[in-house]
Amino acid sequence: MIPGLSGDFVTQVFLLVAAGFMLLAVAMFYRAIVGPTTQDRVLAVNVLGTNTVIVLALLAVGLGEQSLVDIALVYALLNFLMAVAISKFTVERGDVL
Amino acid sequence: MSELFAAALFVFVLVTAVTTALLRDVLAVVVVFAAYSLGMALFYAFLLAPDVAMTEAAIGAGVTTLLLLLTLTKTNRTRPDRWIEGVDLPALAVFAALLIVLVVTLLNSIPAVGDPGAAWNNPGVTQYYIENAYDDTGVENAVTAVLAGYRGFDTFGEAVVVFAAGISSLIVLRQVVFTRE
């Protein structure tokens, strides 16, 4: 049985909201495609990371899998890393860490 | 509802993957690749593989971007002459046709999700390992016996890959970070 297919009403609502956030992610990715600067793209992917944390939290309830919350926490902790690295990379060239 | 979520996730991963392949600016590709990794982590989470999703989250959001940026500092980032890569349409058509034929022919051999008749649910195999693992390998933990005994060469290959990856990371890092004045 595929999880989530036979849940009750609340579960379905959680999955529906997750699907909505996923559609939003596609819309957010437009900014990452067209740019035009790298900073625009970094911001777009950063927002996508926050979006991913939300979707993971919704999935944790919708699929009844509590360990997904841990992944959401890891993402929340690591999401800023790319922004910091690329900011340092563009400001002082050649310095990443 | 889970079908709707899966469909939206499919679209997202597809768009990010195509963008990663097509953008000309290398730094932009590094950024967009991180978004692709977000989508893949969600996929693993959706398919109820939290351990794989956790690894993808840690590697994709953190380490991969850093490694790619470190590589960029050691190489030249040429100013892109145009926005996206040119696509060879006939070659694309041939490859797409080949891929579709492969997928359609092979799709039936994949067991359905949760299929009780699939290979993982074969109790004979499990029973064999439980009964004979100690006598065959002398290892008390059955999981360790399978990993290091029955499929030892497989594990050895994995260890070689991880070792090689670690060495090459150290080479890149040493030149960029550790030899700084």
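Predicted model: local features only at pLDDT ≥ 70, side-chain atom pairs only at ≥ 80, totals over all residues.
**Exercise 1.** State how many helices and strands chain B has, and give their order.

*Solution.* Start with the counts. Chain B holds seven helices and zero strands. Next, read from the N terminus. The elements run α-α-α-α-α-α-α.

**Exercise 2.** Decide whether chain B is a compact globule or more spread out.

*Solution.* For 181 residues the globule rule gives 16 Å. Now take the value for the model. The radius of gyration of chain B is 22 Å, well over the 16 Å of the rule, so chain B is more spread out than a compact globule. Along the principal axes, the C-alpha atoms of chain B fill roughly 65 × 50 × 35 Å.

**Exercise 3.** Find what share of the residues in chain B is buried, and what share of its contacts joins residues 24 or more positions apart.

*Solution.* A buried residue has 20 or more other C-beta atoms within 10 Å of its own. In chain B, 21% of the 181 residues are buried. For the contacts, keep those with a separation of 6 or more. Of these, 49% link residues 24 or more positions apart in chain B.

**Exercise 4.** Describe the contact between chains A and B, then the side that chain A brings to it.

*Solution.* Count each side. Chain A gives 46 residues and chain B gives 38 residues. Now locate the elements on chain A. Helix 1 (9–34), helix 2 (38–62) and helix 3 (67–91) of chain A each give two or more residues. Helix 3 of chain A gives the most, with 13 residues. Last, sort by class. The side of chain A that touches chain B has 34 nonpolar, nine polar and three charged residues.

Note on methods
Residues numbered from 1 in each chain as written. Chains lettered and ligands numbered in written order. Helix = DSSP H or I, 4+ residues; strand = E, 2+ residues; numbered from the N terminus. Rg over C-alpha atoms; globule rule 2.2 N^0.38 Å. Buried ≥ 20, exposed ≤ 12 C-beta atoms within 10 Å, placed from the backbone. Contact = placed C-beta atoms within 7 Å. Nonpolar A, V, L, I, M, F, W, Y, C, P; charged D, E, K, R; others polar.
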